[in-house]
Amino acid sequence: MTLIAPSGVEVLGHLEPGYRDILSHEALTFLAGLHRRFEKRRQSLLRYRKERQAELDQGALLTFPHETADIRAGEWTVRPAPADLQDRRVEITGPVDRKMVVNALNSGAKCFMADFEDATSPLWANLIDGQINLRDAIRREIDFTDEKSGKRYQVNEDAAVLIVRPRGWHLDERHIHINGQAMSGSLFDFGLYVFHNHAALGERGTAPYFYLPKIESRLEARLWSLVFQHAEDELGLARGTLRATVLIETLPAAFELDEILYELKDHIVGLNCGRWDYIFSYIKRLKSRPDHVLPDRSAVTMTVPFMAAYSRRVIAVCHRRGAHAMGGMSAFIPVKGDEAANAAATEQVRQDKLREVTNGHDGTWVAHPDLVPVAKAVFDEHMPGPNQIDRPADPHELPVAARHLLEPLQGDITDHGVADNIDVAIRYIAAWLGGRGAVPIRNLMEDAATAEIARAQLWQWRSFGKSTVEGTAITAPFLENKIADICAAIQDEVPGQTELTERIQAAADILADLVLKNGFAEFLTLPAYDRITRELKAPMKLMEFED
């Protein structure tokens, strides 16, 4: 059976059994409509990001936009959240593989964010299999048996509410070309999900819900608003059927919270503190300022001044506008086989959630089913209602000013911090090249965002000629040798596994290029995506990466 694509549409990815159902003529026609209507605007906004960065590099300061002062001053609210999104006290997040989808939906969390973005490596098989898995889960037709344990998995009827995170505006989907252009990864993920599932979700009393990542400005939020309206019109859905939560995970977006809510006010239900990408964005957007060099990654917590200000501002703006202010993800995960270490990790998570709920967040994220009851117990104790949107603002709390969001952070850069960043980045990139987007490394859950922090700090420390507290000068030759040494040590962990050692070397090469170049790459996933899409028509084999 041959896939017959609409005029102007090329499918370059291989077609496994079942893929033709997802990539149907009708679905591809819907994708083509999204591309043809919105691709020029997307490219324009990506150019605007570069122009804005150039201005920041030349000394411009981030501030609240003067031209939107009336929006910030106005008295308006967003459309109320639908019934099944009123209570979001614990949301679990993870990739879209079949086992994860079932376990997350059955975890006891209120919502599951199925992630096509930072927790998923965009191999063609991952993306299409992920769409199949979500389709089957929504219809309660998913049936998965673990080959190792023999355990059979099915989705419970009282499953978590499903929310999907498509990729960010900066990523292409090179396996689909429309009029000779690779289409947007955002629109590909969004379009296939909404096209195939809006009716089935409606029959269950819910609707297509989304998390929107990496937004930098109100203009990017406006583009999503137009996409939502277009999809609703094409699919015959009432205005406001599609709903979104926007991740505030870029520094510029923190200065346009009211504006982002306003642009999406018919579709938005809340904002989320995507802390790890936010730290990365802080480094990236302030990369030319020596006074904003950050210390070791482990020292940049949610309690440091600029991060605490970011969280407080999200809460204040959201609650004023009738939207949820969602907390974020602690990196700690359960530790198997070590009771003391597991107790310490659990307590770290509990303290993180206690800080969030007492500050005023309406819900939080966890990365593992075992952490759902930990987070839920904290929110149940301190948030008796479904959310805290109506919680009165503290009259003694001063508004967050621009200087609070940009406050520098003092602290130590250590030999261990340098080595840890290199080790994590190599391990993560190697796993990503092999098809895994969320990777447990030394009892922490690492994804693209945390790996971005690691490589960005190495670049930043080298660029400003920093030294560690032990006296090691962080120079290009030092980093080049250190990357080679750590790469070799990781390869020694997997003797005789040629494909895996080659992928570890490829990851080290990507990291070295990112860290040693004078220019700063916007995202590490861009050169990594170049590598996994070199030969689009060749089969792509998924491999496990042993940590």
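Visitor: How far apart are the mean positions of the positive and negative charges of the chain?
Guide: They sit 4 Å apart, taking 63 positive and 79 negative charges. Keep in mind that this is a predicted model.

Visitor: What makes the radius of gyration of the chain agree with a compact globule?
Guide: A compact globule with 547 residues would come out near 24 Å, and the chain has 22 Å, so the two agree. The C-alpha atoms fill a box of roughly 65 × 65 × 50 Å along the principal axes.

Visitor: And which share of contacts joins residues at least 24 apart in sequence?
Guide: That's 78% of the contacts between residues at least 6 apart in sequence.

Visitor: How much of the chain is buried?
Guide: Buried residues make up 60% of the 547. To be counted there, a residue needs a relative accessible area under 20%. As for the surface, the chain exposes about 21,700 Å², with carbon and sulfur atoms supplying 50% of it.

Visitor: Why is Pro 527 called partly exposed?
Guide: Its relative accessible area is 26%. Buried means under 20% and exposed means over 50%, so Pro 527, at 26%, falls in between and is called partly exposed.

Visitor: Where is Pro 527 found?
Guide: Look in helix H18, which covers residues 525–532. The chain has 18 helices, along with 15 strands.

Key:
Residues are numbered from 1 along each chain as its sequence is written. This is a predicted model: local features need pLDDT of at least 70, side-chain atom pairs count only at pLDDT 80 or more; totals for chains, interfaces and linings use all residues. Side-chain values use heavy atoms; hydrogens and water are left out. Helices (H or I, at least four residues) and strands (E, at least two) are DSSP runs, numbered from the N terminus. Buried means under 20% relative accessible area, exposed over 50%, partly exposed in between (1.4 Å probe, protein chains only). The radius of gyration is taken over C-alpha atoms; the globule rule is 2.2 Å times the number of residues to the power 0.38. Contact means heavy atoms within 4.5 Å. Accessible areas come from the Shrake-Rupley method with a 1.4 Å probe; for residues, only the protein chains shown count as cover. Lys and Arg count as positive and Asp and Glu as negative; His and the chain ends are not counted. The place of a charge is taken as NZ of Lys, CZ of Arg, CG of Asp or CD of Glu.
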